[in-house]
Amino acid sequence: MIVGGGLAGLLIGYKLKELSPIIFDRKPFTGKKCTAIISYNTFKDLEVPKEYIDSRFKKIELKYGKRIIYVNTDVIRLNRVKLELDLSRELDVRHRLNAEIKGKDKVLVNSETYSGKVIDASGWKGKAKWVKAIEYLYEPIESDTIEVFFDLRNRGGFSWIVPLPYGTLVGALGYDRPELFVPKLNKRIIERHGGAIPRTLPLIDFETYKIGDRTGLIKTFTGGGIFGISKLLKPLSHAILNSDNSEYVRRYLELAKEIKKQYRIVRILELMWDLIPIVFRILNDRTINAIEEFDFHSLLFTISH
Ligand SMILES: Cc1cc2nc3c(=O)[nH]c(=O)nc-3n(C[C@H](O)[C@H](O)[C@H](O)COP(=O)(O)OP(=O)(O)OC[C@H]3O[C@@H](n4cnc5c(N)ncnc54)[C@H](O)[C@@H]3O)c2cc1C
């Protein structure tokens, strides 16, 4: 059984389709809206067809006032709503049901007990520093570059413009009133969504299998959780199908180490936020290469000219 029919629950459910897993989700519908920017490598690890790529970007521009730092990269925008809807049609997803995990082999739903291996994909449940995100879909604009904006007043947060073929995602995240920092576009708004993103240390607990935000393997600064899902999909399906969790545990701990590092870096960044103008003055007009694995951003920045 899988508790949680978000992206993580549906993807692992699909990997384990031969076991006909039941997926319980307390929400009434499938399909969560988010920015869904991931590295191309992360996309490959999801092992889903390219039809779920809305756009691929080779450049990101980081902006502070008039200053710009260019990032050479390779990221895509995943059409996760379409992906989640398509996956759910192939799976036994039961909505509007709250599932209580009673151990690694037992789940309680509406006073009924279900037995079998349990995967917890129910989103983050522990303590965290929560950042709020708000995002609009505007009409399309002519651009092939992601723009990311920093503002001294939005400590620890940022704003973005992501051009897509059918619209433009424009949003901001931050601890306090991110709506104040959403860039303005002279276009019509098509829709609005948002949510809260946990900044947390990973959960190290192997009592039940876990995947997705439930693990806390979430990139601290950006809130990116799809990266952690992609890296655990294969080891977790292997663990369930072959009753051998060694690779799952190894990969989980490796990711946890990276996220702990990111968590510490973000804390320092927040403390030194006032130095942003200096960083932008030094790096203005320069290019950062983050092509190899954008998601491991704490490891792989190399600066060219
Ligand atoms: C505005 C925004 C922008 C984002 N942008 C990005 C991005 O650009 N890149 C990126 O990688 N990530 C991004 N994220 C994060 C990403 O959305 C999450 O990491 C991802 O949704 C995690 O998927 P999940 O399946 O683990 O959790 P969720 O999508 O939260 O799914 C968990 C599911 O479990 C269900 N559930 C919980 N408890 C129970 C229960 N007891 N019984 C039954 N069901 C239960 C919930 O109803 C929910 O459907 C963004 C998030 C937001 C809010």
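This is a predicted model: local features need pLDDT of at least 70, side-chain atom pairs count only at pLDDT 80 or more; totals for chains, interfaces and linings use all residues.
Student: How do you know whether the radius of gyration of the protein chain agrees with a compact globule?

Tutor: A compact globule with 305 residues would come out near 19 Å, and the protein chain has 20 Å, so the two agree. Buried residues make up 37% of the 305. Also, among contacts with a separation of 6 or more, 68% are between residues 24 or more positions apart.

Student: On to single residues. What makes A36 buried?

Tutor: The cut-off for buried is 20 or more other C-beta atoms within 10 Å. A36 has 20, so it counts as buried. A36 sits in the loop between β2 and β3. Leaving out residues up to four places away in sequence, A36 touches R77, L78, R80 and I226.

Student: And why is N110 called exposed?

Tutor: Exposed calls for 12 or fewer of those neighbours. N110 has 9 other C-beta atoms within 10 Å, so it is exposed. You'll find N110 in the loop between β8 (106–109) and β9 (112–115). Its phi is positive, about 50°, although N110 is not a glycine.

Student: Where is S243, and is it buried or exposed?

Tutor: S243 is in the loop between α4 and α5 (246–271). It has 8 C-beta neighbours inside 10 Å, so with a limit of 12 for exposed, S243 counts as exposed. S243 isn't a glycine either, yet it has a positive phi of about 45°.

Student: What makes α1 largely enclosed by the rest of the structure?

Tutor: Count its residues: eight of the nine are buried, so α1 is largely enclosed. The buried ones are L7, A8, G9, L10, L11, I12, G13 and Y14. They pack against several elements, including β1 (2–3), β2 (22–24), α2 (40–46) and α3 (80–89).

Student: How do you know that both faces of β14 are covered?

Tutor: Look at each side in turn. G167, L169, G171 and L173 are buried on one side, and T168, V170, A172 and G174 are buried on the other. Eight of the eight residues of β14 (residues 167–174) are buried, so the strand is largely enclosed by the rest of the structure.

Student: What makes β11 and β14 a pair of strands?

Tutor: Pairing needs at least two bridges. Seven bridges join β11 to β14, and the two run antiparallel. One example is A133, whose bridge partner in β14 is L173. Seven bridges also join β13 (residues 158–164) to β14, again antiparallel. There, F158 has L173 as its bridge partner. A hairpin through two residues connects β13 to β14.

Student: How many bridges do β1 and β2 have, and in which sense do they pair?

Tutor: β1 and β2 have two bridges, in the parallel sense. V3, for example, has F24 in β2 as its bridge partner. Both strands belong to an open sheet of five, in the order β6-β2-β1-β10-β16, with parallel pairing.

Student: Why are β6 and β16 called the edge strands of that sheet?

Tutor: Each of them, β6 (92–94) and β16 (209–210), pairs on one side only.

Student: V3 came up just now. Which residues of the largest nonpolar core touch the most other members?

Tutor: V3 is on that list, together with L11, I12, I38, I211 and I229, in a core of 50 residues. There is also a second, separate core of seven residues, with V131, A133, I134 and A172 among them. Leaving aside neighbours within four places in sequence, the contacts of V3 include F24, A99, I101, V107 and V118.

Student: Last one, the ligand. How many residues surround it, and which are the closest?

Tutor: There are 36 residues around the ligand, and the closest are G4, G6, G195, G212 and G225. Elements that give two or more residues to this shell are α1 (7–15), β3 (37–39), β11 (129–138), β15 (189–199) and α4 (226–242). By type, the shell divides into 15 nonpolar, 14 polar and seven charged residues.

Conventions: Residues are numbered from 1 along each chain as its sequence is written. A residue is near a molecule or strand if its C-beta atom, placed from the backbone, lies within 6 Å of it. Helices (H or I, at least four residues) and strands (E, at least two) are DSSP runs, numbered from the N terminus. Ala, Val, Leu, Ile, Met, Phe, Trp, Tyr, Cys and Pro count as nonpolar, Asp, Glu, Lys and Arg as charged, and the others, Gly among them, as polar. Two residues are in contact if their C-beta atoms, placed from the backbone, lie within 7 Å. A nonpolar core is a set of buried Ala, Val, Leu, Ile, Met, Phe, Trp, Tyr and Cys residues joined through C-beta atoms within 7 Å. The radius of gyration is taken over C-alpha atoms; the globule rule is 2.2 Å times the number of residues to the power 0.38.
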